[in-house]
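This report describes one protein structure through its side-chain contacts. Please look over the sequence and the model before reading on.

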Amino acid sequence: QVQLIESGGGLVQPGGSLSLSCAASGRTLSSYLMAWFRQAPGNEREFVAAMSASIGNRYYSDSAKGRFTISRDNAKNTVYLQMNSLKPEDTAVYYCAVYFGGNIYQRTSYNYWGQGTQVTVSS
């Protein structure tokens, strides 16, 4: 059974930074594209960022571009999301996910999900 555990969420003021981690067990992530999604109360889960396996290409939502950076450490079987210049609208539960096929920007293209970590951006 694949298990993904997110960590690093918390409360931060606007303009601040947080670094999220996603540690995996039950599967080696090195061969899979990984992504971060987020979901605010009442909203649909939306794509944030992704990073491919062999090539290491990075993909970002318009909101994340220029502020967030996705990275991965295959030796640690961990994916990261560095978030800078945070805004109140970034407040959401952040999830990491394993891709299996399809449009990388859609949640239906991912088959394994973590439990999520809460990020709250507020003064």
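Which residues form one aromatic cluster? Phe37, Phe47, Tyr99, Tyr105, Tyr110 and Trp113 do. Rings of Phe, Tyr and Trp (its six-membered ring) count as a pair if their centres lie within 6.5 Å; planes under 30 degrees apart are stacked, over 60 edge-to-face, and the rest tilted.

The model is predicted: local features need pLDDT of at least 70 and side-chain atom pairs count only at pLDDT 80 or more, while totals for chains, interfaces and linings use all residues. Residues are numbered from 1 along each chain as its sequence is written, and side-chain values use heavy atoms, with hydrogens and water left out.

**Aromatic pairs**

The whole structure holds six aromatic pairs. One of them joins Phe37 and Trp113 edge-to-face, with 5.1 Å from centre to centre and 65° between the planes. Because Phe37 belongs to strand 4 and Trp113 to strand 10, this pair ties together parts 76 residues apart in sequence. Strands (E, at least two residues) and helices (H or I, at least four) are DSSP runs, numbered from the N terminus. Phe37 is buried at 0% relative accessible area, whereas Trp113 is partly exposed at 26%. Here buried means under 20% relative accessible area, exposed over 50%, and partly exposed in between (1.4 Å probe, protein chains only).

The rings of Tyr99 and Tyr110 are also edge-to-face, since their centres are 5.5 Å apart and their planes are at 65°. Tyr99 is in strand 9 and Tyr110 in strand 10, so this pair ties together parts 11 residues apart in sequence.

Arg45 has its charged end over the ring of Trp113, 4.9 Å from the centre. Arg45 also lies over the face of Tyr95, at 3.7 Å from the ring centre. The rule for a charge over a ring is NZ of Lys or CZ of Arg within 6 Å of the ring centre and within 35 degrees of the ring normal.

**Salt bridges**

Side chains of opposite charge can pair when their charged atoms come close. A salt bridge is counted when a side-chain nitrogen of Lys or Arg is within 4 Å of a carboxyl oxygen of Asp or Glu; the count comes to four.

Arg67 lies in the loop between strand 6 and strand 7 and Asp90 in the loop between strand 8 and strand 9, so their bridge ties together parts 23 residues apart in sequence. Arg67 is buried at 10% relative accessible area, and Asp90 is buried at 0%. Salt bridges with shared partners join Arg38, Glu46, Arg67 and Asp90 into one network. Elsewhere, Glu44 is exposed at 54% and Arg107 partly exposed at 37%.

**Nonpolar cores**

A nonpolar core is a set of buried Ala, Val, Leu, Ile, Met, Phe, Trp, Tyr and Cys residues joined through side-chain atoms within 4.5 Å. The largest has 27 residues, and Trp36, Leu81, Met83 and Tyr94 have the most contacts inside it. Elements giving two or more residues to this core include strand 3, strand 4 and strand 11. A second, separate core of eight residues includes Ala35, Phe37, Ile104 and Tyr110. Tyr110 is buried at 4% relative accessible area.
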